[in-house]
Amino acid sequence: MAPPRLDLSLYLVTDSSLLPLGRSLADHVRASIKGGVTIVQLREKTLGTAAFIKLGKEIHAITKELGVPLLINDRVDVAKVVGCEGVHIGWDDIDYESARSLLGPDAIIGLSVSNHDQLVLALKANPTYLGLGPVYATTTKPDAGALLGDLGVCSLLEKVPEHIPTVAIGGINLVNLQSMFLKIGLQDPRTRSRKPKLLDGIAIVSAIITSMEPEKTCREFKGLISSSRAESTWDRSVAKLIPLLLPSLQRVRTCPPLIHHITNHVSSSLSANVTLAVGASPIMSDNPAEFQDLAALNNGIVALVLNMGTFSDESPFMLALDAHGLMNPVVFDPVGCGATTARRKFAEAIMYTGCCNVIKGNEGEILSIAGEKVVMRGVDGAGQDGGKHRERELAEICSKLAKNEGRPDFDPCKKPKLTRR
Ligand SMILES: Cc1ncc(COP(=O)(O)OP(=O)(O)O)c(N)n1
Ligand SMILES: Cc1nc(C(=O)O)sc1CCOP(=O)(O)O
């Protein structure tokens with residue numbers, strides 16, 4: 001019988017030092033698998049060989065019983081004695097060929113990739129899967145490479161052949177996952193040959209290991225994974241969309257984000273009140289002196305909203321994007337874009353940063369930002385093409401813009417000089 005297909009969708013990487021006080025790793029792993037974890041890696045950096053083997057055997061008994069593979073981080077010798085399904089290795093560890101010859105052709109062997117040079121070497125080895133990271137800032141691995149950000153992962157994915165699955169790792173949590181999926185996308189196993197290549201899963205340490213309720217946390221991760229894989233929501237009725245949105249709204253209540261608004265004076269108080277009404281915390285500021293602080297408040301659970309309705313000078317917007325860097329989700333509202341050349345140029349400059357996760361606008365604004373010639377009276381330019389563009393087409397244009405697709409001159413490595421924290 002063929003071995004079961006490797007399911008990397010929710011990949012737990014352990015670190016016992018981060019467990020809540022009094023919790024055992026064995027109970028945590030069991031609960032996480034019950035919540036939906038599909039593969040486990042035992043990554044215990046401080047254990048000596050004997051203790052690593054002992055823990056490995058204990059955890060393997062659980063993963064075997066629950067039917068998910070167990071990999072060992074770095075140590076092929078430990079994996080061999082434990083008799084588990086494989087290893088994950090990096091560039092300071094045993095080389096891939098030696099690991100393969102020690103573990104045999106059926107072992108799962110994952111390789112870390114942090115940049116294009118490593119990707120070239122990794123592809124020559126043809127490993128079972130690739131771990132791409134760090135996507136975002138993480139304190140779990142102090143020696144992790146430079147942050148890739150969403151666009152860095154996308155640019156690596158472009159060069160990964162279809163048959164090698166990938167997971168993203170580093171700083172992924174329940175707050176940033178949805179926006180990460182919007183930018184990078186998650187493979188649906190039923191449509192494997194889809195272009196461009198998307199991720200096959202996410203690998204998580206702290207967001208699961210530090211959880212007081214790992215089963216619930218993993219269910220929440222699974223919910224986001226399933227909704228990301230759900231077929232295009234544009235064919236769904238509103239009634240079907242609401243259950244997909246509810247978990248996001250609930251998360252805003254349980255883990256309220258700080259929303260930094262740079263907005264126009266017409267909508268300022270309305271924006272603040274709507275932010276409060278959904279359970280998030282607004283702060284309205286266009287003073288660059290406080291941008292760095294704002295971007296890091298609230299344990300980094302922060303988003304930035306840029307509304308260019310009554311813009312005059314582009315520098316506060318650019319400084320805010322620089323402060324929030326590639327870390328925090330950004331919503332851009334290109335109000336009245338298309339009405340004047342100055343607005344078009346301003347919106348273009350914002351888009352060139354590659355930082356906008358969500359573009360919110362009416363039909364005229366979106367078409368204008370996508371480079372189409374539109375005639376706008378004022379900010380109420382919707383429907384100016386007689387409804388030629390349906391919602392779905394506009395949404396596809398938005399999604400492409402947010403990924404900076406269709407901009408041949410856009411190079412995420414060159415533009416802009418944003419802080420990678
Ligand atoms: C799934 C996954 N991806 C990447 C890593 C990092 O591995 P490595 O580069 O060997 O670094 P350490 O984990 O040893 O610090 C990983 N462990 N898992
Ligand atoms: C183990 C590991 N490898 C990384 C890489 O970039 O290769 S980042 C990382 C730590 C991920 O931990 P957390 O989910 O707590 O951020």
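**Packing of helices around helix 9**

In this predicted model, helix 7 (residues 177-184) packs against helix 9 (residues 214-229) at an angle of about 25°, and their axes lie 10 Å apart. Here helices are DSSP runs of H or I with at least four residues, strands are runs of E with at least two, and both are numbered from the N terminus; the axes are lines fitted to C-alpha atoms, for helices over the stretch in contact, with angles running from 0 to 180 degrees between N-to-C directions. Helix 7 is therefore roughly parallel to helix 9, a description that covers angles under 35 degrees. The crossing of this pair is right-handed, meaning that the near helix is turned clockwise from the far one by less than a right angle.

On the side of helix 7, L177, Q178 and F181 meet F221, L224, I225 and S228 of helix 9, where contact requires heavy atoms within 4.5 Å. Sorted by class, this contact holds five nonpolar, two polar and no charged residues; Ala, Val, Leu, Ile, Met, Phe, Trp, Tyr, Cys and Pro count as nonpolar, Asp, Glu, Lys and Arg as charged, and the others, Gly among them, as polar.

Helix 7 is largely enclosed by the rest of the structure, because six of its eight residues are buried, that is, they have under 20% relative accessible area with a 1.4 Å probe and protein chains only. The buried residues of helix 7 are L177, S179, M180, F181, K183 and I184. Just after this helix, G185 adopts a positive phi of about 85°.

Helix 9 also packs with helix 1 (residues 25-35), the axes of the two coming within 7 Å and crossing at roughly 30°. This crossing, too, is right-handed. Residues H28, A31, S32, K34 and G35 of helix 1 meet P214, E215, C218, R219 and K222 of helix 9, and the contact comprises three nonpolar, three polar and four charged residues.

Across the chain as a whole, there are 16 helices and 13 strands, and 49% of the 421 residues are buried. Of the contacts with a separation of 6 or more, 67% are accounted for by residues 24 or more positions apart.

Residues are numbered from 1 along each chain as its sequence is written, while chains are lettered from A and ligands numbered from 1 in the order in which they are written. Local features need pLDDT of at least 70, side-chain atom pairs count only at pLDDT 80 or more, and totals for chains, interfaces and linings use all residues, whereas side-chain values use heavy atoms, with hydrogens and water left out.

Notes:
Angles under 35 degrees count as roughly parallel, over 145 as roughly antiparallel, 65 to 115 as roughly perpendicular and the rest as oblique. Buried means under 20% relative accessible area, exposed over 50%, partly exposed in between (1.4 Å probe, protein chains only).
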